[in-house]
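This report covers the overall fold, the aromatic pairs, the charges placed over rings and the nonpolar core. The sequence and structure come first.

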Amino acid sequence: MNFFSWTKKTMTVAVILAGLATGCSRSGRRQEHEHGETCGHGSAQEKPAQEHEHGEACGHGPAQEKPAQEHEHGEACGHGSEAPGAQAAFEIPENAQRLLGLSFVKAERRPVTGALRFPGRFEWMPGARRVYGVPAAGVVEPRVRPPQAVKAGDVLFTVRSPEWIARKGEVNEAEAARTLVKAEAEAVRRRLAQLKAAGTRHAELEQQLAVKEAEAVRAERTRQNAEAVLRAVRALCREEEDGVLVVRALEAGVVERLSAENGAWAETGAEVVCVTRVDGLWFRADGVASEMTNVRAGQKGFAEPPGKVRGEAAHGVIELGLAQDDAARVQPLYLLPQALPAWAGPGRAGVLNVIVAESAPASLALPQGCVVTDGLRRVVFVRDEKDPDRFLKVDVTLGAGDGDWVEVQGIEAGASVVLDGAYELKLASPAEGGQKKAAGHFHADGQFHEGKH
């Protein structure tokens, strides 16, 4: 917070506190009013309520607490001991709320006890990405764009490749050469058979036969190699006419990036499209060795965005990494989420919560910043759902906490509770004397008045 914002918030609190000084203070005993009159109350029997200049009547009794008397502005003076979960209502206009920088969070049920927290971020799992490259050098024409979703068999891009045509020609030439050499070898073999039948040997023809047989073997291997290249290319795409190769998606996913422009020349193996599986994200965190004594593989956990207000969590199972950093004394932890919330994405930071001990039903919890100390009490400020300018100062009982969230008793689930500005709101709230809780509202000029408008 800069100096200007701090000064403005301080002035706002001061103005609101000044409004408290103008309000009426009442208690069960003799009370001084700002118009200088004193209320006298009997001791042996109930005396009539004293009328004040401002029209209020206070009734008091010696032996027992009398019912709260209605004031002319409609509010009741309550007297007696303070009960747990007691509330004090007051109003702060919208402009004062903005100056105080108030933010709100919903009270919710969540596991608090037995959770260890580790900062981390979402990352792609190994194998979550599949890169589609150029099977043969040529002109690339993409058919998809990021972040388009694709299914298995969808066309990703085509390649018009002269190299593919040349490789097909090499296969045809190797086939023709093998056929020719085999034919020549067969002719020499027949001639030698005729000479052998006549009882004559021909050393030169025998040597030619051996050479032709070797050439036939070499031609066969050349043909096989050329066909293997074609099979490798066909495994990546489907050939069409005129040397156009069509590359299709092998599995469903989302196009993460496109690395080639339409009509660009790309060499063999160059990346064109990267497709990523939607379920290929996990959450990784680095745990300090001294804090991981109770962390085990297979425990339940959840990842949530950083900050004071929690969004939808990604729940899953914990896995422990094997690549420990002995110098930094950290060990990686991985959360395999069952479902990904809307805020999850590659590189998105968050906090991993490892539940090392399951709590009995999930308790009602709030961020620690919602709770402020008021004397010996712990209080929170709840905004009225029907009147956004009306706040209730509620006493709460605290339970276990995990450092950021704490169990609370005294409010209902779903209540809108002040987070940022809770301490400033405590300073601006009406003063409470002994056994009396002031109730009223603030005007935009900082003046406090008891009762409603």
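## Overall figures

Contact means heavy atoms within 4.5 Å. Among contacts in the protein chain between residues at least 6 apart in sequence, 70% join residues at least 24 apart. The model is predicted, so local features need pLDDT of at least 70 and side-chain atom pairs count only at pLDDT 80 or more, while totals for chains, interfaces and linings use all residues. Residues are numbered from 1 along each chain as its sequence is written, and side-chain values use heavy atoms, with hydrogens and water left out.

The protein chain has 5 helices and 29 strands; these are DSSP runs numbered from the N terminus, helices being H or I with at least four residues and strands E with at least two. Of its 453 residues, 38% count as buried. Buried means under 20% relative accessible area, exposed over 50%, and partly exposed in between (1.4 Å probe, protein chains only).

## Aromatic pairs

There are 6 aromatic pairs in the structure. Rings of Phe, Tyr and Trp (its six-membered ring) pair if their centres lie within 6.5 Å; planes under 30 degrees apart count as stacked, over 60 as edge-to-face and the rest as tilted. Phe-104 and Phe-391 are stacked, because their ring centres are 6.3 Å apart and their planes at 20°. Phe-104 is in strand β4 (residues 104-106) and Phe-391 in strand β24 (residues 390-395), 287 residues apart. Phe-104 is partly exposed at 23% relative accessibility, whereas Phe-391 is buried at 0%.

Phe-122 and Trp-343 form an edge-to-face pair, with centres 5.4 Å apart and planes at 70°. Phe-122 lies in strand β6 (residues 115-124) and Trp-343 in the loop between β19 (330-337) and β20 (349-355), so the pair ties together parts 221 residues apart in sequence. Phe-122 is buried at 1% relative accessibility, and Trp-343 is buried at 14%.

## Charges over rings

A charge sits over a ring if NZ of Lys or CZ of Arg is within 6 Å of the ring centre and within 35 degrees of the ring normal. Arg-383 has its charged end over the ring of Phe-104, 3.7 Å from the centre. Arg-110 lies over the face of Trp-405, 4.2 Å from the ring centre.

## Nonpolar core

A nonpolar core is a set of buried Ala, Val, Leu, Ile, Met, Phe, Trp, Tyr and Cys residues joined through side-chain atoms within 4.5 Å. The largest one has 24 residues, of which Val-140, Leu-156 and Phe-157 touch the most other members. Elements giving two or more residues to this core include β10 (155-160) and α3 (162-197).
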